[in-house]
Amino acid sequence: MLPQRTAQLGFTLIELMVVVAMVAILAAIAYPSYAQFMQRSRRAEVQALLQDIALKQQQRLLDVRAYADTLAALNLGVPSSVSPHYTIAIALGAGGATSFTLTATPQGGQSSDTCGTLTLAHTGVKTPATNCW
């Protein structure tokens with residue numbers, strides 16, 4: 001007499017390894033795209049901050065006839081979503097603070113961003129200009 005076959009329950013090791021391999025392949029494809037998206041998102045956030053600072057500088061120029069050399073003088077701070085990824089600096093030009101340049105220097109994981117350091121001058125000139133602003 002032949003033994004009766006019962007229905008097999010569960011998965012075999014081969015089936016599990018195939019699923020793990022497929023998940024690993026999908027993750028390897030998706031993660032770089034996700035990281036690039038996050039870099040662009042952080043860059044857009046710091047660009048908005050630089051433009052906000054430039055606007056506050058223009059308002060201060062009308063009120064005080066000079067640009068501020070610190071964010072504190074403008075009653076602004078760097079948001080907690082920007083500070084781990086960028087360092088913000090204000091550089092005043094020569095001649096009694098009649099010009100300024102805002103600089104956002106990437107740090108940490110953001111330093112691998114292809115745009116690198118972003119600058120915005122009092123004249124509205126933005127660098128780097130190619131596909132970064």
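**View 1. Leu 16 in helix α1 of the predicted model.** Leu 16 is a residue of helix α1. Its relative accessible area is 44%, so Leu 16 is partly exposed. Gln 107 is 91 residues away from Leu 16 in sequence. In space, the two C-alpha atoms are 40 Å apart.

**View 2. The salt bridge between Arg 43 and Asp 113.** One salt bridge turns up in a search of the whole structure. The side chains of Arg 43 and Asp 113 form a salt bridge, with 2.9 Å from N to O. Arg 43 sits in helix α1, and Asp 113 in the loop between β2 (100-106) and β3 (118-121), so the pair ties together parts that are 70 residues apart in sequence. Arg 43 has a relative accessible area of 9%, under the 20% cut-off, and therefore counts as buried. Asp 113 is buried too, at 7% relative accessibility.

**View 3. Gln 47 and its contacts.** Gln 47 belongs to helix α1, which spans residues 13-64. With a relative accessible area of 11%, Gln 47 is buried. Beyond its neighbours within four places in sequence, Gln 47 touches Leu 118, Cys 132 and Trp 133.

**View 4. Gln 47 side chain and Cys 132 backbone.** A polar atom of the Gln 47 side chain lies 2.2 Å from the backbone oxygen of Cys 132. Cys 132 is also one of the residues listed among the contacts of Gln 47. The Gln 47 end of this pair is in helix α1.

Methods: Residues are numbered from 1 along each chain as its sequence is written. This is a predicted model: local features need pLDDT of at least 70, side-chain atom pairs count only at pLDDT 80 or more; totals for chains, interfaces and linings use all residues. Side-chain values use heavy atoms; hydrogens and water are left out. Helices (H or I, at least four residues) and strands (E, at least two) are DSSP runs, numbered from the N terminus. Buried means under 20% relative accessible area, exposed over 50%, partly exposed in between (1.4 Å probe, protein chains only). A polar contact is a pair of N or O atoms within 3.5 Å; within protein, one must be able to donate a hydrogen and the other to accept it, and residues adjacent in sequence count only if both atoms are side-chain atoms. Contact means heavy atoms within 4.5 Å. A salt bridge is a side-chain nitrogen of Lys or Arg within 4 Å of a carboxyl oxygen of Asp or Glu.
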